[in-house]
Amino acid sequence: MAHEATVNTHRTKWWSGGKSPFNIEYGKVMMWYFLMSDAFTFGAFLISYGTTRFSQNFWPDPNVVFNALPGAGHANLPLVFVSIMTFILIISSVTMVLAVHAGHNRNKADVQKWLLWTIIGGLAFLGCQALEWHHLLTAEHATLIDGKIELISQTTRHNPWGQLVHGPELTAALQNSSPETLATLIHENHLSTASHAELAKMPVDQLAQMVSSSDIHVRETGPVAFGGFFYGITGFHGFHVFSGVIINIVMLLMTRSNVFENKGHYLMIEKAGLYWHFVDLVWVFVFLCFYLI
Amino acid sequence: MSNHYDPTKDISPSAAYPEVSVHHHHSDDAEFKKRVKKTTILLSVITVIELAIGFLIYFLHKGEPPYFFILLLKGIVCILTLAKAYYIVSVFMHLGDEIRNFIMTIVVPLALFIWFIIAFLADGQSYKNLRNRYDKHFEETTMPSSHTTPAEAPAKGEGH
């Protein structure tokens with residue numbers, strides 16, 4: 001096997017100086033060490049999230065938080081959108097492997113083709129993330145705050161994903177809430193054909209009845225740290241995807257202008273590929289920590 | 001493949017030492033494509049299994065969740081994720097094709113994560129236990145209601 005042969009060579013003369021003891025060029029070695037340090041950065045972020053989560057009696061169920069799909073309205077579709085994002089990233093990782101392989105074969109046309117697909121995959125992922133963030137930041141949820149119902153969205157300061165409120169506590173909260181808030185809640189969930197203005201004029205009793213007979217969930221406020229960790233870590237990952245897309249665009253332009261062709265090798269594509277695969281690798285763990293467990 | 005390298009332009013080992021190839025994997029196109037296809041399918045299948053377990057956890061949460069079973073499911077998902085990470089690093093990033101010494105310079109430092117994860121999760125757990133013991137307000141306001149037994153729940157309601 002070729003593998004055994006390299007090990008053998010390495011034993012006899014790799015460390016005698018004058019050549020790479022690892023049989024890889026300098027840039028690739030350094031890319032690997034950069035990625036290792038980056039793994040520790042992401043690891044530290046995810047572990048601090050874990051520490052905070054372990055220090056809480058209650059933590060929101062990801063299936064409840066991430067249950068929306070763009071274009072599907074209020075349908076309860078847990079995990080669907082993030083699965084799409086995960087597959088986009090896996091596929092773009094595969095197209096990157098093919099780009100690197102085309103580089104090994106010095107096939108300029110194929111390098112360009114697969115790099116382009118990788119860039120498209122990266123942009124698609126970023127677009128999905130933008131949609132996801134937009135939904136979390138703007139969609140308002142009925143939350144029990146100070147004995148009455150308020151409509152809040154997921155930000156770094158507020159978390160609407162606490163424990164479910166029901167029974168007498170819910171009845172009391174509905175009675176204490178402002179008609180304005182209840183009218184908005186009813187209107188946005190299409191529980192009544194009346195307009196928002198008409199609803200706001202109705203007595204609180206009637207509005208409370210409409211809400212409690214519907215399937216609207218009212219929750220307490222959840223742990224505030226959730227938002228900071230979620231936006232911080234997925235944002236940092238998104239920033240890596242973004243810089244990966246930029247690197248791939250630069251690689252595409254350099255390929256087009258024959259930089260690698262003139263150099264005689266496409267090893268630079270390999271280093272960009274390592275970075276891109278790392279982005280996919282990190283997502284595997286972000287996906288695990290925020291969406292699955 | 002090493003004859004593609006011009007030593008005057010390229011200082012990479014394969015150029016300086018034509019007998020040493022940068023590409024340890026001399027696999028031909030068909031074999032390579034097969035390997036990539038296999039890995040892609042493997043990653044997709046693992047992801048689908050993970051999602052299935054995620055849904056299972058969701059449906060179990062709707063009822064009375066058996067705590068250790070949920071923990072077991074989450075443990076399985078963690079192991080599946082590590083399997084995915086292994087395939088990405090070893091096949092897509094070709095780390096598996098590098099010299100063993102080089103693999104070790106990457107993998108050995110990462111072993112720090114074993115301590116890192118255990119120590120910091122234990123720290124969080126300990127903080128929670130201490131708070132529940134000494135800060136009763138924290139315990140009462142944050143403990144999920146399913147943790148209180150049905151017998152003591154009405155008693156609490158009467159007290160208010």
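For the complex, the predictor gives an ipTM of 0.86 and a pTM of 0.86.

The contact draws 53 residues from chain A and 59 residues from chain B. On the side of chain A that touches chain B, two or more residues each come from helix H1 (2–13), helix H2 (26–54), helix H4 (80–104) and helix H12 (267–292) of chain A, and H2(A) gives the most, with 10 residues. Divided by class, this side of chain A comprises 23 nonpolar, 23 polar and seven charged residues.

H2(A) packs with helix H4 (residues 100–110) of chain B at an angle of about 10°, the axes of the two helices lying 11 Å apart. Because angles under 35 degrees count as roughly parallel, H2(A) is roughly parallel to H4(B). A:Trp32, A:Met36 and A:Ala39 of H2(A) make this contact with B:Ile106, B:Pro109 and B:Leu110 of H4(B), and the residues of the contact divide into six nonpolar, no polar and no charged.

The mean pLDDT of chain B is 79, with 72% of its residues at 70 or more. Within chain B, confidence is highest in helix H5 (residues 112–134), at a mean of 96, and lowest in helix H7 (residues 152–159), at a mean of 38. Over residues 1–13 of chain B pLDDT stays under 50, although the model has 34 contacts beyond four places in sequence for this stretch; over residues 16–20 of chain B pLDDT likewise stays under 50, with nine such contacts beyond four places in sequence. Where pLDDT is low, the predicted coordinates should not be read in detail.

Conventions:
Residues are numbered from 1 along each chain as its sequence is written. Chains are lettered from A and ligands numbered from 1 in the order in which they are written. This is a predicted model: local features need pLDDT of at least 70, side-chain atom pairs count only at pLDDT 80 or more; totals for chains, interfaces and linings use all residues. Two residues are in contact if their C-beta atoms, placed from the backbone, lie within 7 Å. Helices (H or I, at least four residues) and strands (E, at least two) are DSSP runs, numbered from the N terminus. Ala, Val, Leu, Ile, Met, Phe, Trp, Tyr, Cys and Pro count as nonpolar, Asp, Glu, Lys and Arg as charged, and the others, Gly among them, as polar. Axes are lines fitted to C-alpha atoms, for helices over the stretch in contact, and angles run from 0 to 180 degrees between N-to-C directions. Angles under 35 degrees count as roughly parallel, over 145 as roughly antiparallel, 65 to 115 as roughly perpendicular and the rest as oblique. pLDDT is the predictor's confidence in each residue, from 0 to 100.
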